[in-house]
Structure formats: C-alpha cells, structure tokens
Amino acid sequence: MTEEHDQQSGRSVGPATGEPERLARMGTASIPKLIVEFAVPSVVGMLVNGSYNLIDSIFLGNAVGEIGLSVVTVANPIMIVFMALAMLVGNGGNALAALRLGAGNRDAAEKALGNVVMLSIVIAVVVAAVGLNPAFLDWLLTASSATDDVRPQARIFIQILCFGFIFQCVGMGVNNFIRTAGAPARALGTMVIGLVAATVFNFLFVIVFGWGVAGSAIATIAGTACSAVAVLWYFLFTPDVPLRIRWRWMRPDLRVVGTIFAFGFPSFAVQAGMAAVNFVLNYQLVRYGAMSPIGAEDALASIGVLNRIGMFAVMPVIGIAIAIQPLLGYNYGAGKIGRVRKTLWLGIAAATGFCVIEWAVIMLFPDAIAAAFGITHEGLMAFTVFALRVQFVILPFVGFQIVSANYFQATGQPAKSIFLTLTRQILFLVPLLLVMPEVMPHIAPAFTGLDALYFAGPISDFLSTFTTALFVVWEMRRLRRMIAAEQSAAAAGCPSEPADATGAAGEGRSA
C-alpha cells in the first residue's frame, strides 16, 4: 500500500506506525481486556447520546407538567426522522472515509468529509423550510397524533428544532469522522460538551426563565450547537489531524454522494422504522387513551416516560454490541473461531448484566422514576408505575437479542442481522400494537385497550429474543463444525481455510 504525503505537516499519511501490531493483538490479546478497552468509550458515548431526550423530558415534566411530556412524545417520531437523516449522511460518509483512509487515499477521505458537510447544509435548509411551512408542519403533527391541547406547544417545539437541525447534523453525523481519524476520546469529548451545555441551558431556560416548551427546544439546539462547534474546531484548527474540511472537497460529487447514501441507508432504514413505530404508537395511544379515564394527553405523557427510559436503557447494550464488532470481525476473518465464540458470549454476558441492573432499578423504584419526570397526578402515577413494570419485564433478555443480532453483521451476514433487528423494532411490534388492543380486552377483561399497548412491547421482545436464539443455536452448530474441520486439517498437516469477510467460506462448509 502506498503512502501519501501531507503537504501541510510533512507527515506520511497511510497505515500508522505499529498498526499491524495493534490489529494483530485483536487476535492474540486477552479477550476480556480487549472488550473492556473497546467497550468503555463506546458505552459512555452511547449513554451521553441517549441523555439528551432524558434531560428534555425531566426538565419539561417538572416545569410544565404532563402536557410537556405529551409534547415531547408527539415530537418524538419527528425527531427520530431528523436523526435518521443525520445518520444517513454522517454514517454513510464516515464508512466511505474509513475505507479510503484504509486504502491510503487521504484526498478521497477528505472528499467524503467535505461532501457530508455540504449535504448536511442542504438537508438542514430543507428541514428549515419544513419548519416554515405551516401546512406541512400541521400534516406532521396530525401524523404524530397531536391532540388539540398538545398541538400548539408541539408546533413551537418542532419548529425550533427544524431551524437548528444543522447543528444536529454536524454535532452527531460529522462527529463520527473524529473517531475514524483516530481520536475516539476527542469524539466522546465533543458529545459530552453538548450534553453538559444542554443540561445547563435547560435549567436556565426552562426552570429559571420559565420559557417552557420553547426553552427546552432552544436549550437542545444550543447544546448541539456547542457540540458542532467543537467538531468543526477539530477539523479546521487542530494541528496534525489526518482529515480536514476543505472548500475544494465540499463541491458535491454525484458518485460520492450516491456512495454515501448507499452506505448510510441501513442506519437510516432502522431509524425510519423506529419513527414509523412511534407514529403508530402515538395514534393508538390517542385512540385508546381517549376511551380511558386518564385521557389521551396523559396517555401520551405516560408513554413519553417509557420511551425515554427504554431508549436510555438500551444505549449501553448498543455500545457493547458496537464495541465487540471489530473483535468479532477480525477473529472471524482470521479463522479464530474459538475467540469469536468467546467474544460473543462475553459480550452477551456484559450486556445482560447491564440489563439486569436496569431491570432491578425499574422494578424496585418505578414511583421515583415517574416522579423524576414531574408526574404527580395520582391516577397517572399509578398507571405509569404499572406501565413501567409491564413494559420492561423482559428487559434482562434484551441484551442477548441486540448483541446477537449485531454478531451476524460483524461476521459478514448482514441479511440475518437486519432481519433480527427488525423483528424487535418493527416486524413483531407493529402488528401487536394494532391487534392487541382489540383482542386482549376480550381474552382478559380486566385490561383495557390502552393497557394492551403496554403489553405489546414485552411480547415483541420475547418473540424477537426467541427468534434470535434459534439463529444463534444454528450458528453455534456451524461454528463447531468449522472448529472440527480446522482441527482435522491441522491433524492432517493441511492449512485450514479461514472464513472470508462475508462468511461465505463458513456457509459453504456448513452446507
């Protein structure tokens, strides 16, 4: 592989010194130590990323009451769409830049970065135009099932987020390039800056100044703006960075743009699916909440608490799944199947440990959790406590499902990974949300249609976990056959065939 020369700094750009040793240790070093090394920054980063929604909800719930939680719930699917757009551009461009850097082509990597910045600006202008279009904004609010009482406040909240979307694109999407540039601690630092700023601004704008829903939205934008400034500072002014944002690479290249969209589409599709689930859920909440004593607005408020807790609970699990991905991929590609199995099971154990701790906290302290979000109404408090315990009853098994689904992606079996991911988020959950409110009251008359919505989540998790377990059992059998073949080849004095990057060699042997 040829190296390029950085004209500004005089450094050689290409494979870093000692890179073979750093890569090789993934196949030789202690697996538990490697998992800890890789997982700590990943888990912390995911927790920081997941804290934004918690902060908004906690401050709004305490300052405005249940109506504030309802506003955030109505806005949630729209916010997920925004995140999907940022991930479409950011994740796709980052994947392309990583490939180009690996090939020693710095100019191509910077071109990917520059095109991501330009695409972020273009998408941000489109999103801001949506915020200025009352008809389209009202259509979004209707699709998100905003009630008459919630709609005015939700419109203000979403409009402000629309105008500040550019900061989210840069603060979250372009942030990933810092990690690819070899500075994971700096990437985490830019996220922490945004979170701390958002917390401070929420306290000032919502609690001190009393700006309510508008103050929370402005605080969120201000926090992401601080993060975006830190990201841009790294690429524009930090000395000796392997990538820079340069004007000449910001001119859109259709081939580069097409590749960015292709690479980023899987992340976009998952987020878009989550948005679709939230649109369906909000519709059902308003429909069956109106038939319930707590009402539609309080039903939205209650699910708002559950959504925030649920999203935050899976963040460390996703962090572990992401962290072990390079370990799984390297050892699978090297044919070290024993290390692959060990990495997978240790990752599942770590994720399950997080889930069990979170499950215990939720089951023991649901009242305190609901109160932290500003829920004080006695009837709504009792319902939220009930909903928390039902919604998260299967949580200890979710870590297994998420890490196992990610395993198939890491070992070059993306179709299986996508299918298993969608079973939990869409394929099982959406039909259950639509069917259970109609069926459950007839089977168990003690429960209403609204109650049934909260049972849909754990049933979906159970079905998804069971389906994933079947895939994992089959995969473990295939890996055992690969180990046996490797041992037989070694005994016969013949070199064994390592698994290729797509898993094709392993699939062929298992056939």
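Biologist: What are the ground rules for the values?

Modeller: This is a predicted model, so local features need pLDDT of at least 70 and side-chain atom pairs count only at pLDDT 80 or more, while totals for chains, interfaces and linings use all residues. Residues are numbered from 1 along each chain as its sequence is written, and side-chain values use heavy atoms, with hydrogens and water left out.

Biologist: How many helices and strands does the chain have, and what counts as one?

Modeller: The chain has 19 helices and two strands.

Biologist: Why is the chain called as compact as a globular protein of its length?

Modeller: The globule rule is 2.2 Å times the number of residues to the power 0.38, and the radius of gyration is taken over C-alpha atoms. For 511 residues the rule gives 24 Å and the chain has 24 Å, so the chain is as compact as a globular protein of that length. The C-alpha trace spans about 75 × 55 × 35 Å along its principal axes.

Biologist: What makes Leu113 buried or exposed?

Modeller: Buried means under 20% relative accessible area, exposed over 50%, and partly exposed in between (1.4 Å probe, protein chains only). Leu113, in helix 4 (residues 106-132), has 0% relative accessibility and therefore counts as buried. Across the chain, 53% of the 511 residues count as buried.

Biologist: Which residues does Leu113 touch?

Modeller: Contact means heavy atoms within 4.5 Å. Not counting residues up to four places away in sequence, Leu113 touches Val174, Phe177, Phe235, Leu243, Arg244 and Ile245. In the chain, 79% of the contacts with a separation of 6 or more are between residues 24 or more positions apart.

Biologist: Why is Met311 called partly exposed?

Modeller: Met311 has 21% relative accessibility, so it counts as partly exposed. Met311 is in helix 11 (residues 295-333) and, leaving aside neighbours within four places in sequence, is in contact with Asn53 and Asn76.

Biologist: How do you know whether Thr190 and Ser460 are buried or exposed?

Modeller: Thr190 has a relative accessible area of 1% and is therefore buried; the value for Ser460 is also 1%, so Ser460 is buried too. Thr190 lies in helix 8 (residues 184-208), and its contacts beyond four places in sequence include Asn175 and Ile178. Ser460 belongs to helix 18 (residues 449-491), with Thr423 and Arg424 among its contacts beyond four places in sequence.

Biologist: How do you know that the length of helix 15 agrees with expectation?

Modeller: The expected span of a helix is 1.5 Å times one less than its number of residues. The 16 residues of helix 15 (residues 395-410) should span 22 Å, and the end C-alpha atoms are 24 Å apart, which agrees. Helix 14 (residues 378-391), with 14 residues, reaches 20 Å, close to the 20 Å expected.

Biologist: What makes helix 15 largely enclosed?

Modeller: Of its 16 residues, 14 are buried, so helix 15 is largely enclosed by the rest of the structure. Just after helix 15, Gly412 takes a positive phi of about 75°. In helix 14, the buried residues include Leu380, Met381 and Phe383.

Terms used. Helix = DSSP H or I, 4+ residues; strand = E, 2+ residues; numbered from the N terminus.
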